[in-house]
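Work through the exercises below with the sequence and the coordinates at hand. Each task is followed by a stepwise solution.

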Amino acid sequence: MMELQQLLQLPLQLMTQYLGTDLAFVGWSLLKIVCVIGPLMGGVAYLTLAERKIIGMMQIRIGPNRVGPFGLLQPVVDGVKLVLKEIITPSAANTGLFYLGPAMVMIPAMAAWAVVPFYPGFVVADINVGLLYIMAITSMGIYGVIISGWASNSKYAFLGAMRAAAQVISYELAMGFALIGVMMVSGSLNLTEIVEQQGRGIAGGSILSWNLIPLAPLFVVYFVSGLAETNRCPFDVVEGESEIVAGHMIEYSGMTFAQFFLAEYANMILISAMASVLFLGGWLSPFPASIPVLGAPCFLWWVAKVAFLLFCFLWFRATFPRYRYDQLMRLGWKVFIPVTLVWIVLIGAWMQTPFSIWK
Amino acid sequence: MTLALFYLFAAILVLAALRVVTARNPVHAALSLVLCFFTAAMLWMLIKAEFLAISLVLIYVGAVMVLFLFVVMMLDINFESLRKGFWRFFPVAGTVAAIMLGEMLLVLTSRYANLSAARLPEPAAGFNSAKALGKLLYTEYFLPFQLAAVLLLVGMIAAIALTHRQRKNTKFQDPADQVAVKAADRVVVLKMEAEKPAHAETDTTHTGEKA
């Protein structure tokens with residue numbers, strides 16, 4: 001692993017030699033960003049296909065199967081369609097903000113990936129306050145929704161934006177409390193350290209030492225709040241196509257609409273990646289380290305965990321009916337927040353006893 | 001590079017602050033305020049106070065301003081009528097601003113402020129400002145910190161108590177009752193014959209014909 005990290009530093013050293021420290025840092029960062037955003041966009045494209053295929057199978061349909069083998073070129077064709085479509089601006093819309101809205105949704109969805117670790121050393125910015133950074137950046141995504149809802153000058157869009165603002169603010173609290181539990185047991189805000197902490201403990205780095213088991217209620221709260229934050233089923237009242245016909249997105253077409261779409265799927269992957277890093281041990285193996293190949297930490301474990309959580313997103317969409325708005329608010333405020341508060345106190349007390357497993 | 005970034009952020013901050021007070025549209029003003037907070041956070045980031053910078057974004061940009069924007073969008077403010085008194089109140093406002101400016105100049109140019117010699121200490125490599133801040137808050141400043149927390153809690157409860165009014169004529173659902181309901185409470189299954197006896201039918205028609 002040491003050799004791998006040294007190899008990773010090689011391009012930086014070369015650039016420093018030829019460009020000087022400042023320019024090399026900028027160039028190196030840009031290169032890393034491309035290495036993260038490129039695969040992420042590919043993942044988003046094929047997540048849309050996976051969603052249609054999986055939900056198709058669950059509803060005993062075939063799903064997209066016409067373009068390319070098994071419909072594999074469908075996302076490409078969809079992309080081309082969205083790029084070529086005309087962008088229509090409503091006549092009384094606030095033009096500047098109307099175009100700023102989708103971009104403001106997209107920017108945080110991309111920027112949050114800066115601190116997500118894929119493997120020790122494989123992260124754009126390994127900062128001390130990574131967890132807080134994620135919370136701060138994702139909380140800004142709501143501006144795009146509010147701005148676009150308001151700037152569209154449409155009642156449906158405005159209602160969608162109002163619903164989104166109230167829902168996201170409510171679930172952010174539950175999400176924040178769930179993360180406090182993780183911070184307490186990890187003693188760090190650095191995401192790489194949070195993963196590495198889960199590799200220690202009584203069970204020596206197997207599934208038993210992950211945060212999943214001691215923090216199980218917090219994991220459930222985090223993941224379900226993640227569903228609500230990304231406005232996915234069963235919490236998609238923000239779009240609510242049967243009531244307010246897609247909410248804040250109603251006046252958008254072509255690439256402006258595609259930005260909302262891309263951001264939603266990028267956020268889904270982000271929530272899954274964060275849940276995997278915070279609770280499921282990231283790149284750590286579920287088997288004890290004594291087993292030769294299976295027990296070794298590997299990037300593929302990270303991928304497998306994220307893929308499973310993404311499957312859950314799709315699974316829930318095919319399974320659950322939509323929450324009514326008041327039930328959704330009740331769940332956030334009266335169920336999730338008390339559950340997390342109780343569990344935080346419990347964990348705090350547990351850590352003070354001799355039975356603490358986080359020494 | 002840091003100096004160039006500082007001037008860039010400072011320029012954006014000043015322009016955004018001007019937009020807050022000059023924008024005709026209240027939503028534009030609120031969004032400019034968001035930009036102000038964000039650039040201020042970037043300035044803190046430049047002096048390597050990353051915990052404070054990110055907290056500013058998280059609390060003010062991510063929560064407070066969203067609610068602010070929420071309210072501003074819902075209100076239908078006629079800004080032209082609000083602006084009518086601008087020149088009438090300008091002398092008073094100008095005097096207040098001038099006094100504040102004078103006071104700040106007096107403080108900042110005083111030789112005790114010693115601005116020209118003020119230098120931020122460069123943090124050591126591996127310095128974690130979040131950890132340092134947490135240690136200070138929970139040891140040295142523990143009592144003030146807890147008092148501030150209690151004050152905020154009291155304020156929160158007071159705000160809820162003042163605004164919470166239950167209207168008597170509204171209907172609302174109690175989810176606990178909804179969950180506790182049994183099938184027997186909602187549907188009553190009556191036992192009855194599938195058909196009426198045939199002879200009774202014929203009897204009535206017969207009498208009917210007779211009458």
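A residue counts as buried when its relative accessible area is under 20%, with a 1.4 Å probe and protein chains only. The model is predicted.

**Exercise 1.** Locate Asn211(A) and decide whether Asn211(A) is buried or exposed.

Solution.
1. Asn211(A) sits in the loop that runs between helix 8 (191-198) and helix 9 (216-229) of chain A.
2. The relative accessible area of Asn211(A) is 0%, so Asn211(A) is buried.
3. Leaving out residues up to four places away in sequence, Asn211(A) touches residues including Gln197(A), Ala216(A), Phe279(A) and Trp358(A).

**Exercise 2.** Check the span of helix 11 (residues 299-319) of chain A, then find what its buried residues pack against.

Solution.
1. The expected span is 1.5 Å times one less than the number of residues.
2. Helix 11 has 21 residues and should therefore span 30 Å; its end C-alpha atoms are 30 Å apart, which agrees.
3. Among the buried residues of helix 11 of chain A are Trp302(A), Lys305(A), Phe313(A) and Phe316(A).
4. The buried residues of this helix pack against helix 2 (21-58), helix 9 and helix 10 (254-278) of chain A.

**Exercise 3.** Classify the aromatic pair of Phe219(A) and Phe223(A).

Solution.
1. Over all chains there are 27 aromatic pairs.
2. In the pair of Phe219(A) and Phe223(A), the centres are 6.3 Å apart and the planes are at 15°, and the pair is stacked.
3. Phe219(A) and Phe223(A) are four residues apart in helix 9 of chain A, so about one helical turn separates them.
4. Both Phe219(A) and Phe223(A) are buried.
5. Ring pairs link both into a cluster with residues including Phe279(A), Phe313(A) and Phe316(A).

Key:
Residues are numbered from 1 along each chain as its sequence is written. Chains are lettered from A and ligands numbered from 1 in the order in which they are written. This is a predicted model: local features need pLDDT of at least 70, side-chain atom pairs count only at pLDDT 80 or more; totals for chains, interfaces and linings use all residues. Side-chain values use heavy atoms; hydrogens and water are left out. Helices (H or I, at least four residues) and strands (E, at least two) are DSSP runs, numbered from the N terminus. Buried means under 20% relative accessible area, exposed over 50%, partly exposed in between (1.4 Å probe, protein chains only). Contact means heavy atoms within 4.5 Å. Rings of Phe, Tyr and Trp (its six-membered ring) pair if their centres lie within 6.5 Å; planes under 30 degrees apart count as stacked, over 60 as edge-to-face and the rest as tilted.
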